[in-house]
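Dear colleague,

Please find below the structure for your review.

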Amino acid sequence: MADPRQPKVTRCPTCHRRHTRSTPQNARLWLLYHAIAEKLKPKGVAYSADVWHEYCKSKFLGCEEFKLPNGKALQIPHSTADLDVAEFADYMTAVEAWAGERDVWLADGPS
């Protein structure tokens, strides 16, 4: 177990790049988005995994608002690509908890 007194290493000690989410983390998230898309049909409407991805990003990461030349506001969700490994794990936990409250689970979750 890691020593809690030691600072969390979030950058490569050699090149100092941030450690970003892993491929298995990302694959698991997309499995969950697809499970959500299969199971949840709000008001009878089916949404794709891509739509659920945008929904979850805006719900759990927030959005940046931009004013357009026509005066309208455009809200763009923050990107999961900007998250480090620990932040991505927190995001994934939030999405899994939200999905679980709606009885959507991945194969290794409750049946």
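Helices, in what follows, are DSSP runs of H or I with at least four residues, strands are runs of E with at least two, and both are numbered from the N terminus. With that convention, Leu-40 is placed in the loop between helix 1 and helix 2. Please note that this is a predicted model.

Confidence and overall layout

The mean pLDDT of the chain is 85, and 77% of the residues score at least 70. Where pLDDT is low, the predicted coordinates should not be read in detail.

The chain contains three helices and two strands, in the order α-α-β-β-α from the N terminus on. It has 111 residues, of which 23% count as buried. The accessible surface amounts to about 7900 Å², with 56% of it belonging to carbon and sulfur atoms. Of the contacts between residues at least 6 apart in sequence, 54% join residues at least 24 apart.

The nonpolar core

Which residues have the most contacts inside the largest nonpolar core? They are Leu-32, Tyr-33, Ile-36 and Val-95, in a core of 19 residues. At least two residues of this core come from each of helix 1 (23-39), helix 2 (49-61) and helix 3 (85-101). Leaving out residues up to four places away in sequence, Val-95 touches Leu-29, Leu-32, Tyr-33, Ile-36, Cys-56 and Phe-60. In soluble globular proteins, nonpolar side chains tend to be buried together.

Phe-60 belongs to helix 2. Its relative accessibility is 28%, so Phe-60 counts as partly exposed. Beyond four places in sequence, the residues touched by Phe-60 are Tyr-91, Ala-94, Val-95 and Trp-98. The C-alpha atoms of Phe-60 and Pro-77 are 9.3 Å apart, with the two residues 17 apart in sequence.

Lys-57 is also placed in helix 2. Is Lys-57 buried or exposed? Lys-57 counts as buried because its relative accessibility is 9%, and the cut-off for buried is under 20%. With neighbours within four places in sequence set aside, Lys-57 is in contact with Gly-62, Pro-77, His-78, Ser-79, Thr-80 and Tyr-91.

Leu-40 in the loop

To return to the loop between helix 1 and helix 2, where Leu-40 is found: this residue has a relative accessibility of 14% and therefore counts as buried. Apart from residues up to four places away in sequence, Leu-40 touches Val-45, Trp-52, Trp-98, Arg-102 and Val-104. One of these contacts is with Arg-102; Leu-40 and Arg-102 are 62 residues apart in sequence, and their C-alpha atoms are 7.9 Å apart in space.

Phe-66, Leu-68, Leu-74 and Ile-76 make a nonpolar surface patch of about 310 Å². Within this patch, Ile-76 lies in strand 2, which covers residues 73-77. Ile-76 counts as partly exposed because its relative accessibility is 39%; partly exposed covers the range between buried, under 20%, and exposed, over 50%.

With kind regards

Notes
Residues numbered from 1 in each chain as written. Predicted model: local features only at pLDDT ≥ 70, side-chain atom pairs only at ≥ 80, totals over all residues. Heavy atoms only, no water. Patch = residues over 30% accessible without salt bridge, like charges linked within 9 Å, V, L, I, M, F, W, Y side chains within 5 Å. Areas by Shrake-Rupley, 256 points an atom, 1.4 Å probe, with all protein chains shown as cover. Salt bridge = Lys/Arg side-chain N within 4 Å of Asp/Glu carboxyl O. Buried < 20%, exposed > 50% of the residue type's maximum accessible area, 1.4 Å probe, protein only. Core = buried A, V, L, I, M, F, W, Y, C linked by side-chain atoms within 4.5 Å. Contact = heavy atoms within 4.5 Å. pLDDT = per-residue confidence, 0-100.
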